[in-house]
Amino acid sequence: MDHLLTEDQKMVRRTIREFAAEKIQPGAAERDEKEEFPAEILKQLGELGFMGVTTSERYGGAGLDMVSYTLVIDEISQADASVGLIISVNNSLICHPLEKFGREEQKQKWLVPAASGKMLGAFCLTEPDAGSDAANIQTMAEPDGKGYVINGTKNFITNGQNCDLYLLFAATDRAKGVGGISAFIVPRNTEGLRAGAKERKMGIRSSDCCSIVMEDVRVPVENRLGDEGMGFKIAMTALDSGRIGIASQAVGVAQGALDQAKAYAKLRVQFGRPIAEFQAIQFKLADMDVLVHAARMLVYLAATKKDRGGRFTTEAAIAKLFASDMVLKVTQEALQIHGGVGYTKDYPVERMLRDAKVTEIYEGTSEIQRFIIARSLMQD
Ligand code: COS
């Protein structure tokens, strides 16, 4: 895909590739094992401008395009998918909606630190009874004259324990359904808000994920993002970008697994020669390469559509659906090529396979992506 990239985009990719090889990849297995949050890496990524890749420079970001953003997530995820996720959430689900929907004072107060890596954000939409049915949120934000009093529980919140601010969605008028949901910026140390225990996950283990419980959490009116009732649209708009980020993450994990499988096949000798010389293995590698290329192209199509303006909901859903299905196939084949050692923690492919699964689940399951794609087909 190199011929599709500008010199600037290639330079971004070179920078993040070098950083990932030197600073992210070496500790990835240990962080996964210990479920250790990569705080120091995030600080350095912030200094390089990668916490707000597409955020304009005047708000502390790098001011780059969406294609560059996908390259950043792709390269990071080749080294460590957990870091890829943390960065993707802060970029797509925090900085993007703050820039698009925030008032100038909100941007100065929250976006500038979030985009420059001084604050980390978490996106609080999901609830025990509102997963795929995101409009069914039960968390209530009741006006109290000065602002709002929020009560409710969120779950599966990425960055929940380590963030500085939450972008939180709550119903301000339940009778209005989807049109009665509003978005709020809530600092983590707000009284009445508590982060629950860290989920013990199958993969993406160095990114923390927990529930958030709110009991009479008071939020001033100036912390409402957008008008009352705009929350659902803000969430869906953020998720459109988020899905491109997750698709890029899947492409990165798959590329990482393919590279590992290729290297191992060249080294592993059976029947007197490296297994890479057997057509059975070469064909597997060829099929994996085709899948990674195809997914990366779909990511590129979605990102360029966003860069050119206009709605890209369907393109993002197509990229995420294909890439998350693809990464499972590719990581399974990579492990198969490794044989017995692939099933051990001595090689990174087992981690990559565990990390891959969740791309079919978070930021909209594959079933939701199919629903979005089918609905758009029916509207044609
Ligand atoms: N961008 C802008 N606006 C959007 C939008 C988008 N991508 N998607 C929906 N909207 C708007 C619609 O235009 C509609 O507005 P109007 O009433 O003014 O027409 C409103 O939001 C309601 O949309 P819709 O009718 O599509 O809502 P549904 O309840 O049918 O929900 C799905 C649609 C299923 C697509 C949505 O709930 C969804 O994405 N669910 C998955 C949630 C998710 O990804 N969770 C993961 C959380 S983060 S790990």
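These legends walk through a few close-up views of a predicted model.

In this model, local features need pLDDT of at least 70, side-chain atom pairs count only at pLDDT 80 or more, and totals for chains, interfaces and linings use all residues. Residues are numbered from 1 along each chain as its sequence is written, and side-chain values use heavy atoms, with hydrogens and water left out.

View 1. The chain splits into domain 1 (2–115), domain 2 (121–232) and domain 3 (238–379), with bounds from an automatic or database domain assignment. Taken over C-alpha atoms, the centres of domain 1 and domain 3 sit 20 Å apart.

**View 2. Where domain 1 meets domain 3.** Here 25 residues of domain 1 touch 30 residues of domain 3, contact being heavy atoms within 4.5 Å. Together the two domains bury about 2,100 Å², with 62% of it on carbon and sulfur atoms. Buried area is the accessible area (1.4 Å probe) that two parts lose on being put together, summed over both. Leu4, Met66 and Gln78 supply 24% of what domain 1 buries against domain 3, more than any other three residues.

**View 3. A salt bridge between Asp74 and Arg296.** The closest N and O atoms of this pair are 2.8 Å apart. To count, a side-chain nitrogen of Lys or Arg must lie within 4 Å of a carboxyl oxygen of Asp or Glu. Domain 1 and domain 3 have 2 salt bridges between them.

**View 4. The helices on domain 1's side.** The elements giving two or more residues to the side that touches domain 3 are α2 (28–34), α4 (66–79) and α5 (81–101). Helices here are DSSP runs (H or I, at least four residues) and strands are too (E, at least two), numbered from the N terminus. The largest share, 9 residues, comes from α4.

View 5. Strands β2 (residues 140–143) and β3 (residues 147–158) pair antiparallel over 4 bridges; pairing takes at least two DSSP bridges. Glu142 stands opposite Val149 in β3. The hairpin has 3 residues between its strands, and Gly145 in the turn has a positive phi of about 95°.
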